[in-house]
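This briefing goes through one protein model by topic. Please keep the sequence and the 3D view open while reading.

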Amino acid sequence: MYLAKNTGSVSRVTEPRSINSAYKTIVGIDGAISTATCQSNGGKYFTLTLQVPPIRLTDHTHRKDIEKFMRAYFPATLKTLGCR
């Protein structure tokens, strides 16, 4: 949640909500953030931030699509990276 509410443009997510997932994941109306343990030369964690091009702050119609994307894409990315 800290990353989602931060004022930085890389991680800002509007109206973030945690979802029940195998990974720590928040989904907003204009993006999402997932993070998991991933041992590599670069560190101990992998975090993926998704930002959807400008969406009206009153448009909540994309939240379910964003969640569906993260549920499919994030685990596939972890597998590709060889995370244990």
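Arg63 counts as buried because its relative accessibility is 12%. The model is a predicted one. Arg63 is one of the buried residues of helix 2, and its side chain meets that of Glu15 in a salt bridge.

**Helix 2**

- Helix 2 covers residues 63-81, which is 19 residues.
- From first C-alpha to last, helix 2 reaches 26 Å, close to the 27 Å expected at 1.5 Å a residue.
- Along helix 2, the buried residues are Arg63, Ile66, Met70, Phe74, Thr77 and Leu78.
- An α-helix has 3.6 residues a turn, so residues three or four places apart point the same way.

**Salt bridges**

- Side chains of opposite charge can pair when their charged atoms come close.
- With a cut-off of 4 Å between a side-chain nitrogen of Lys or Arg and a carboxyl oxygen of Asp or Glu, the count comes to two salt bridges.
- One of them joins the side chains of Glu15 and Arg63, at 3.8 Å from N to O. This pair links distant parts of the chain, 48 residues apart: Glu15 is in the loop between helix 1 and strand 1, and Arg63 is in helix 2.
- Glu15 counts as partly exposed because its relative accessibility is 35%, whereas Arg63, at 12%, counts as buried.
- The side chains of Arg71 and Glu67 also meet in a salt bridge, at 2.9 Å from N to O.
- Arg71 and Glu67 are four residues apart in helix 2, so about one helical turn separates them.
- Arg71 is partly exposed, with a relative accessible area of 39%; Glu67 is partly exposed too, with 21%.

**Backbone at Glu15**

- Where in the chain is Glu15 found? Glu15 lies in the loop between helix 1 (2-5) and strand 1.
- Most residues other than glycine have a negative phi.
- Glu15 is a residue other than glycine with a positive phi, near 50°.

- Strand 1 pairs with strand 2 in the antiparallel sense, over two bridges. Arg17 has Val27 in strand 2 as its bridge partner.
- Strand 2 and strand 3 run antiparallel and are joined by four bridges. Here Val27 has Ala32 in strand 3 as its bridge partner.
- Strand 2 and strand 3 form a hairpin, with three residues between them.
- Val27 therefore has a bridge partner on either strand, given that DSSP bridges define the pairing: Arg17 and Ala32.

**Asp30**

- Asp30 sits in the loop between strand 2 (24-27) and strand 3 (31-40).
- Is Asp30 buried or exposed? Asp30 counts as buried because its relative accessibility is 14%, and the cut-off for buried is under 20%.
- Beyond its neighbours within four places in sequence, Asp30 is in contact with Val13, Thr14, Leu50, Gln51, Val52, Ile55 and Ile66.
- Among these contacts is Ile66, one of the buried residues of helix 2.

Methods
Residues are numbered from 1 along each chain as its sequence is written. This is a predicted model: local features need pLDDT of at least 70, side-chain atom pairs count only at pLDDT 80 or more; totals for chains, interfaces and linings use all residues. Side-chain values use heavy atoms; hydrogens and water are left out. Buried means under 20% relative accessible area, exposed over 50%, partly exposed in between (1.4 Å probe, protein chains only). Contact means heavy atoms within 4.5 Å. The expected span of a helix is 1.5 Å times one less than its number of residues.
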